[in-house]
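Student: I would like to learn how to read the features of a protein model. Please take me through some cases.

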Amino acid sequence: MQYDNGGELLVAHLESLGIDTVFGIVSVHNLPLVEAVDRHLRFVPVRHEATAVNAADGYGRARGSIGCALTSTGTGAGNAAGSLIEALSAGTAVLHVTGQVESQYLGSGRGFIHETKDQLGMLGAVSTYAATVTSARDAGHVLREASAAALATPGGPASVEWPIDLQYAAQEDAGEAVPSGGAPSPHADELAAAQALLAESRRPLIWAGGGARHARRELAALLEATGAGLLSSNSGRGSVPEDHPLVIGNFATDPAVRALLADTDVLVTIGTHFRSNETADYNLKLPGAHIQIDADAAALGRVYPARHALHAEAAAVLPALTGAAVRADADWSARVTAVRDEVRAALHDDIGPQAALCDALAAALPRGAVVARDVTIPSSSWGNRLLPIHDPRANVFPRGGGIGQGLGMGIGAALARPDEPTVVIAGDGGLAVHLGELLTVAQERPRLTLIVFNDGGYGVLRNMQDKYGERRSGVDLFTPDFGPLAAACALPYARIAAPEEAAPVLEAALASDGPTLVEVDLTALGPMKNPFTPPVKIPTA
């Protein structure tokens, strides 16, 4: 195929991936790419390169596929690095195409505008794949190879740097396919032993991580066949809808769930990497009878020993386990459901007046609508656990724990699914990281409700300092008056200052066909019963 320039080639490639919206910032070093995307698809001019990657990430997650971000070279590519780390941590598919200086000056170190030392090395450190377009004949192959790497298991962001002279050049693309790696297959003896162990089980538990997202039907079948309790990591939420009576969810460190783990006779874990914040810094005890399934061989046995380690895609191996399974004891399944109800009721009570917001969102959101959650107290305490998730594509949050990324992810998700509302849960501190993206919301007008929980700073760290220290440092911040700020951005604004205001305000915002900024005045709303602190170790004398 012949293309007039690199931008036309890029558009053809994006269309082949089903991408209709691209996020980025225009520059002298990506102008042909941006112009072509804007001509044929939808180009969303975000205000920071980090947001371009976050939005592409959220777009891909909400669709269950891949997103694309365009940035400039040098500082622009550097600005994107933090968000690439998030996509790498989450294993989510992002195609990141960044500019590069003219090929004749590449690596010369002469200080050409927007040049940086070893940009490819930087991108390689924060991407699952990184490559340079070296000629107008290999760009198509590089783009296909990058996208295949991003979409593979365990996946992640793929970065392509493209010298500007080669972007302007006419392109010749042979269109050759990129070889795909074979699917992993578990050792037959290990699979047979795992089947035998599960066949003997009468008190089974299953733990679904991010690797279960693409095996929803197979996981549901195993759950029904066994009557097991289903725990999840944050990444695995929604793999089975969370209103299922056997879904305990993201409560593994709760005392009642620890008791279940102590009494189970087999635990099947699926694509979970046992992150520190979900295992009480690895102090959570798992049973010795542990069947671990993961498509990433390095994850098997890395955190907890596995009696039977199955290197496989979950969708491929779960039916074999389901065929060997027997039904759990009736009193075990009843106990699972009782624990499910117990942990939810306890958390609902513990968050005090914020329970009204959780309840209002659960009632007003369409089933499966995206809830993008930045790192903030409401997300960490109840948004990641109590607010029900029924579809893994609705479960959008920074898995690497970086603050300030939620709004960008929400923008991407809202534009990926324009016919239904998207909610972003953010704190005033996290929102300030990329406050300029309010202008992107104002310009693009997505169907997005941004809920800002305003406590005047970094509430999580403030609570930690109050609990463990004698003074506060760096946690109390100047916060804007969100009403006039919203007006300056031509955004509708509402405020929640009492529990009874939550339902009417959120119902109206979610019914809107455009954006709304909702401020939750936490001082007026009142405190939780117990101040939330994260599950991290604080060394004490």
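Student: How many bridges join strand β15 to β16?

Tutor: Strands of a sheet pair through backbone hydrogen bonds, either parallel or antiparallel. Here β15 (residues 371-373) and β16 run parallel and are joined by 2 bridges. Two strands pair if DSSP finds at least two bridges between them. A372 stands opposite V396 in β16. Helix α15 packs on the sheet and touches β15, β16, β17 (422-427) and β18. The direction of α15 makes about 175° with that of β17.

Student: How should I take the names, angles and contacts?

Tutor: Helices (H or I, at least four residues) and strands (E, at least two) are DSSP runs, numbered from the N terminus. Axes are lines fitted to C-alpha atoms, for helices over the stretch in contact, and angles run from 0 to 180 degrees between N-to-C directions. Contact means heavy atoms within 4.5 Å. This is a predicted model: local features need pLDDT of at least 70, side-chain atom pairs count only at pLDDT 80 or more, and totals for chains, interfaces and linings use all residues. Residues are numbered from 1 along each chain as its sequence is written, and side-chain values use heavy atoms, with hydrogens and water left out.

Student: What is the strand order of the open sheet with β16 and β19 in it?

Tutor: The order is β16-β15-β17-β18-β20-β19, 6 strands with parallel pairing. β16 (395-396) and β19 (493-496) stand at the edges with a single partner strand each, so one side of each has no neighbour in the sheet. Helix α20 (residues 499-511) lies across β17, β18, β19 and β20, at about 160° to β19.

Student: Is T449 buried or exposed?

Tutor: T449 counts as buried, at 1% relative accessibility. Buried means under 20% relative accessible area, exposed over 50%, partly exposed in between (1.4 Å probe, protein chains only). T449 is found in strand β18. Leaving aside residues up to four places away in sequence, T449 touches T422, V423, V424, A509, L510, T516 and V518.

Student: How many residues of helix α17 are buried?

Tutor: An α-helix has 3.6 residues a turn, so residues three or four places apart point the same way. In α17 (residues 437-444), 6 of the 8 residues are buried, so the helix is largely enclosed by the rest of the structure. The buried ones are E437, L438, T440, V441, A442 and E444. They pack against β3 (42-45), α3 (49-63), α15 (406-416), β18 (448-454), α19 (482-488) and β20 (516-521). Just after α17, R445 takes a positive phi of about 55°.

Student: Which way do the residues of β13 point?

Tutor: In a regular strand the side chains alternate between the two faces of the sheet. From β13, H290, Q292 and D294 point one way, and I291 and I293 the other. Strand β13 (residues 290-294) has 5 of its 5 residues buried. It pairs in the parallel sense with β12 (residues 266-270) over 4 bridges. Another 4 bridges join β13 to β14 (residues 308-311), also parallel. I291 is the bridge partner of V268, and H308 in β14 is the bridge partner of I291.

Student: What is the order of the sheet that holds β3 and β6?

Tutor: This open sheet has 6 strands in the order β3-β2-β4-β5-β7-β6, with parallel pairing. Its edge strands are β3 and β6 (129-132), each pairing on one side only. Neighbouring strands are turned by 20° against each other on average, direction ignored. Helix α2 (residues 31-40) packs on the sheet, touching β2 (21-24), β3, β4 (67-71), β5 and β7. The direction of α2 makes about 125° with that of β3. Strands β5 (residues 94-100) and β7 (residues 157-163) pair in the parallel sense over 7 bridges. There, P157 in β7 is the bridge partner of V94.

Student: What does V22 touch?

Tutor: V22 lies in β2 and is buried, with a relative accessible area of 0%. Not counting residues up to four places away in sequence, V22 touches L14, V37, R42, F43, V44, C68 and L70. The C-alpha atoms of V22 and H308 are separated by 43 Å.
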